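Trainee: Could we go through this one together, slowly? I would like to learn how to read it.
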Amino acid sequence: MTESDLNRPARPGVFEEGSSPEEAFDAFVKEKYGKVMSTIQIIVGNRASAEDLAQEAFARAYLSWTKLWPDGNPGGWVYRVATNLALSWRRRAGREVRAFQRLVRRTEHSVPEHEAHPELHRAIAGLPPRQRTAVALHYVLGLSMEEAADAMKCAPGTVKSLLFSARDRLRNQLGDEA
(Lines give C-alpha, C1' and ligand atoms only; values in the text may rest on other atoms or scores of the structure.)
Protein backbone atom coordinates (compact mmCIF):
# COMPACT_ATOMS: atom_id res chain seq x y z
CA MET A 1 0.00 0.00 0.00
CA THR A 2 1.47 3.36 -1.05
CA GLU A 3 1.01 6.78 0.48
CA SER A 4 -1.24 7.89 -2.40
CA ASP A 5 -3.53 4.91 -1.66
CA LEU A 6 -4.05 6.27 1.86
CA ASN A 7 -5.08 9.69 0.58
CA ARG A 8 -7.74 8.50 -1.81
CA PRO A 9 -11.38 9.04 -0.83
CA ALA A 10 -13.47 6.10 0.33
CA ARG A 11 -16.09 6.62 -2.38
CA PRO A 12 -15.64 4.19 -5.22
CA GLY A 13 -15.55 5.41 -8.79
CA VAL A 14 -13.89 8.78 -8.32
CA PHE A 15 -10.40 7.51 -9.01
CA GLU A 16 -11.26 4.40 -11.01
CA GLU A 17 -10.04 3.87 -14.53
CA GLY A 18 -12.28 5.59 -17.07
CA SER A 19 -13.45 8.30 -14.68
CA SER A 20 -13.12 11.67 -16.42
CA PRO A 21 -11.34 14.57 -14.71
CA GLU A 22 -14.62 16.52 -14.60
CA GLU A 23 -16.46 13.62 -12.93
CA ALA A 24 -13.61 13.20 -10.48
CA PHE A 25 -13.59 16.91 -9.63
CA ASP A 26 -17.38 17.00 -9.16
CA ALA A 27 -17.21 13.99 -6.84
CA PHE A 28 -14.29 15.57 -4.98
CA VAL A 29 -16.21 18.81 -4.41
CA LYS A 30 -19.31 16.92 -3.22
CA GLU A 31 -17.17 14.94 -0.80
CA LYS A 32 -14.96 17.73 0.59
CA TYR A 33 -16.81 21.06 0.26
CA GLY A 34 -18.80 20.81 3.51
CA LYS A 35 -15.77 19.95 5.62
CA VAL A 36 -13.64 22.66 4.01
CA MET A 37 -16.41 25.23 4.49
CA SER A 38 -16.85 24.28 8.16
CA THR A 39 -13.13 24.46 8.79
CA ILE A 40 -12.83 27.90 7.23
CA GLN A 41 -15.90 29.16 9.09
CA ILE A 42 -14.29 28.20 12.39
CA ILE A 43 -11.13 30.11 11.44
CA VAL A 44 -12.78 33.29 10.12
CA GLY A 45 -15.93 33.27 12.26
CA ASN A 46 -18.11 34.46 9.39
CA ARG A 47 -20.21 32.19 7.17
CA ALA A 48 -20.33 34.51 4.13
CA SER A 49 -16.57 35.00 4.12
CA ALA A 50 -16.06 31.28 4.68
CA GLU A 51 -18.19 30.50 1.63
CA ASP A 52 -16.18 32.94 -0.48
CA LEU A 53 -12.89 31.48 0.70
CA ALA A 54 -14.04 27.88 0.19
CA GLN A 55 -15.12 28.72 -3.33
CA GLU A 56 -11.75 30.34 -3.96
CA ALA A 57 -9.93 27.24 -2.68
CA PHE A 58 -11.98 24.93 -4.91
CA ALA A 59 -11.57 27.25 -7.89
CA ARG A 60 -7.82 27.03 -7.41
CA ALA A 61 -8.10 23.25 -7.13
CA TYR A 62 -10.03 23.17 -10.39
CA LEU A 63 -7.32 25.19 -12.12
CA SER A 64 -4.66 22.80 -10.78
CA TRP A 65 -6.73 19.64 -11.17
CA THR A 66 -4.50 18.09 -13.83
CA LYS A 67 -1.62 18.19 -11.34
CA LEU A 68 -3.74 16.95 -8.41
CA TRP A 69 -5.67 14.13 -10.03
CA PRO A 70 -5.30 11.16 -10.14
CA ASP A 71 -1.81 10.84 -8.65
CA GLY A 72 -1.75 13.78 -6.23
CA ASN A 73 -3.40 14.50 -2.91
CA PRO A 74 -6.24 16.88 -3.80
CA GLY A 75 -7.78 16.66 -0.33
CA GLY A 76 -4.62 17.69 1.46
CA TRP A 77 -3.91 20.33 -1.16
CA VAL A 78 -7.32 22.00 -0.90
CA TYR A 79 -7.23 21.90 2.92
CA ARG A 80 -3.85 23.62 2.89
CA VAL A 81 -4.96 26.26 0.37
CA ALA A 82 -8.23 26.88 2.24
CA THR A 83 -6.45 27.21 5.57
CA ASN A 84 -3.88 29.61 4.11
CA LEU A 85 -6.65 31.71 2.56
CA ALA A 86 -8.55 31.80 5.85
CA LEU A 87 -5.49 32.77 7.88
CA SER A 88 -4.59 35.49 5.38
CA TRP A 89 -8.16 36.79 5.55
CA ARG A 90 -7.97 36.96 9.37
CA ARG A 91 -4.63 38.75 9.33
CA ARG A 92 -5.89 41.27 6.77
CA ALA A 93 -9.14 41.81 8.71
CA GLY A 94 -7.15 42.35 11.92
CA ARG A 95 -4.89 44.91 10.22
CA GLU A 96 -7.91 46.74 8.86
CA VAL A 97 -9.57 46.89 12.30
CA ARG A 98 -6.38 48.17 13.93
CA ALA A 99 -5.88 50.78 11.18
CA PHE A 100 -9.46 51.96 11.58
CA GLN A 101 -9.06 52.20 15.36
CA ARG A 102 -5.91 54.31 14.93
CA LEU A 103 -7.71 56.53 12.45
CA VAL A 104 -10.68 57.01 14.78
CA ARG A 105 -8.37 58.03 17.63
CA ARG A 106 -6.64 60.62 15.41
CA THR A 107 -9.62 62.03 13.59
CA GLU A 108 -12.43 64.15 14.93
CA HIS A 109 -15.56 62.74 13.33
CA SER A 110 -18.40 65.04 12.56
CA VAL A 111 -20.95 63.24 10.48
CA PRO A 112 -23.73 65.54 9.36
CA GLU A 113 -27.20 64.57 10.41
CA HIS A 114 -28.88 63.29 7.31
CA GLU A 115 -32.20 63.50 9.10
CA ALA A 116 -32.16 67.29 8.64
CA HIS A 117 -33.67 66.77 5.15
CA PRO A 118 -35.02 63.21 5.11
CA GLU A 119 -37.08 63.79 1.96
CA LEU A 120 -33.96 64.85 0.05
CA HIS A 121 -32.04 61.77 1.21
CA ARG A 122 -34.94 59.49 0.25
CA ALA A 123 -35.11 61.13 -3.18
CA ILE A 124 -31.36 60.78 -3.72
CA ALA A 125 -31.54 57.13 -2.61
CA GLY A 126 -34.15 56.62 -5.34
CA LEU A 127 -31.84 57.85 -8.12
CA PRO A 128 -30.29 55.33 -10.51
CA PRO A 129 -26.92 54.07 -9.19
CA ARG A 130 -24.67 56.06 -11.57
CA GLN A 131 -26.58 59.31 -10.92
CA ARG A 132 -26.45 58.65 -7.17
CA THR A 133 -22.69 58.04 -7.41
CA ALA A 134 -22.11 61.25 -9.37
CA VAL A 135 -24.15 63.24 -6.81
CA ALA A 136 -22.23 61.72 -3.90
CA LEU A 137 -18.82 62.29 -5.45
CA HIS A 138 -19.46 65.85 -6.66
CA TYR A 139 -21.82 67.34 -4.07
CA VAL A 140 -20.99 65.36 -0.93
CA LEU A 141 -17.26 64.72 -1.35
CA GLY A 142 -16.72 67.94 -3.28
CA LEU A 143 -14.78 66.34 -6.13
CA SER A 144 -14.41 68.27 -9.36
CA MET A 145 -16.02 66.93 -12.54
CA GLU A 146 -12.65 65.54 -13.63
CA GLU A 147 -11.96 63.88 -10.28
CA ALA A 148 -15.45 62.37 -10.19
CA ALA A 149 -14.98 61.16 -13.77
CA ASP A 150 -11.68 59.49 -12.79
CA ALA A 151 -13.36 57.80 -9.83
CA MET A 152 -16.24 56.60 -12.00
CA LYS A 153 -13.95 55.65 -14.91
CA CYS A 154 -15.84 57.77 -17.41
CA ALA A 155 -15.52 61.10 -19.20
CA PRO A 156 -16.15 64.42 -17.39
CA GLY A 157 -19.00 65.06 -19.83
CA THR A 158 -20.67 61.88 -18.61
CA VAL A 159 -20.50 63.13 -15.02
CA LYS A 160 -22.01 66.47 -16.11
CA SER A 161 -24.81 64.63 -17.89
CA LEU A 162 -25.46 62.37 -14.90
CA LEU A 163 -25.58 65.37 -12.54
CA PHE A 164 -27.91 67.26 -14.89
CA SER A 165 -30.26 64.27 -15.06
CA ALA A 166 -30.09 63.78 -11.28
CA ARG A 167 -30.88 67.45 -10.58
CA ASP A 168 -33.74 67.37 -13.08
CA ARG A 169 -35.19 64.24 -11.53
CA LEU A 170 -34.84 65.65 -7.98
CA ARG A 171 -36.42 68.95 -9.07
CA ASN A 172 -39.39 67.11 -10.55
CA GLN A 173 -39.73 64.94 -7.46
CA LEU A 174 -39.21 67.61 -4.78
CA GLY A 175 -40.20 70.82 -6.54
CA ASP A 176 -38.21 73.89 -7.56
CA GLU A 177 -37.42 74.93 -3.95
CA ALA A 178 -35.23 71.86 -3.44
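Trainee: How many residues does α5 have, and how far does it reach?

Mentor: In this predicted model, α5 has 33 residues and reaches 48 Å from its first C-alpha to its last, close to the 48 Å expected at 1.5 Å a residue. The expected span is 1.5 Å times one less than the number of residues, and helices here are DSSP runs (H or I, at least four residues; strands are E, at least two), numbered from the N terminus.

Trainee: What do I need to know about the numbering and the cut-offs of the model?

Mentor: Residues are numbered from 1 along each chain as its sequence is written. As this is a predicted model, local features need pLDDT of at least 70 and side-chain atom pairs count only at pLDDT 80 or more, while totals for chains, interfaces and linings use all residues, and side-chain values use heavy atoms, with hydrogens and water left out.

Trainee: Which residues of α5 are buried?

Mentor: They are P74, G75, W77, V78, V81, A82, L85 and A86, where buried means under 20% relative accessible area, exposed over 50% and partly exposed in between, with a 1.4 Å probe and protein chains only. What covers them includes α2, α3 and α4.

Trainee: And what about K32, buried or exposed?

Mentor: K32, which is placed in helix α2, counts as buried because its relative accessibility is 17%. Leaving aside neighbours within four places in sequence, K32 is in contact (heavy atoms within 4.5 Å) with F58, G75 and Y79.

Trainee: Changing topic, how many aromatic pairs are there?

Mentor: The structure holds 6 of them, and rings of Phe, Tyr and Trp (its six-membered ring) pair if their centres lie within 6.5 Å, with planes under 30 degrees apart counted as stacked, over 60 as edge-to-face and the rest as tilted. F25 and Y62 form an edge-to-face pair, at 5.1 Å centre to centre and 70° between the planes, and this pair links helix α2, which holds F25, with helix α3, which holds Y62, 37 residues apart. Y33 and F58 form a tilted pair, at 5.5 Å and 40°.

Trainee: Which residues form the aromatic cluster?

Mentor: F25, F28, Y33, F58, Y62 and W65 form one cluster.
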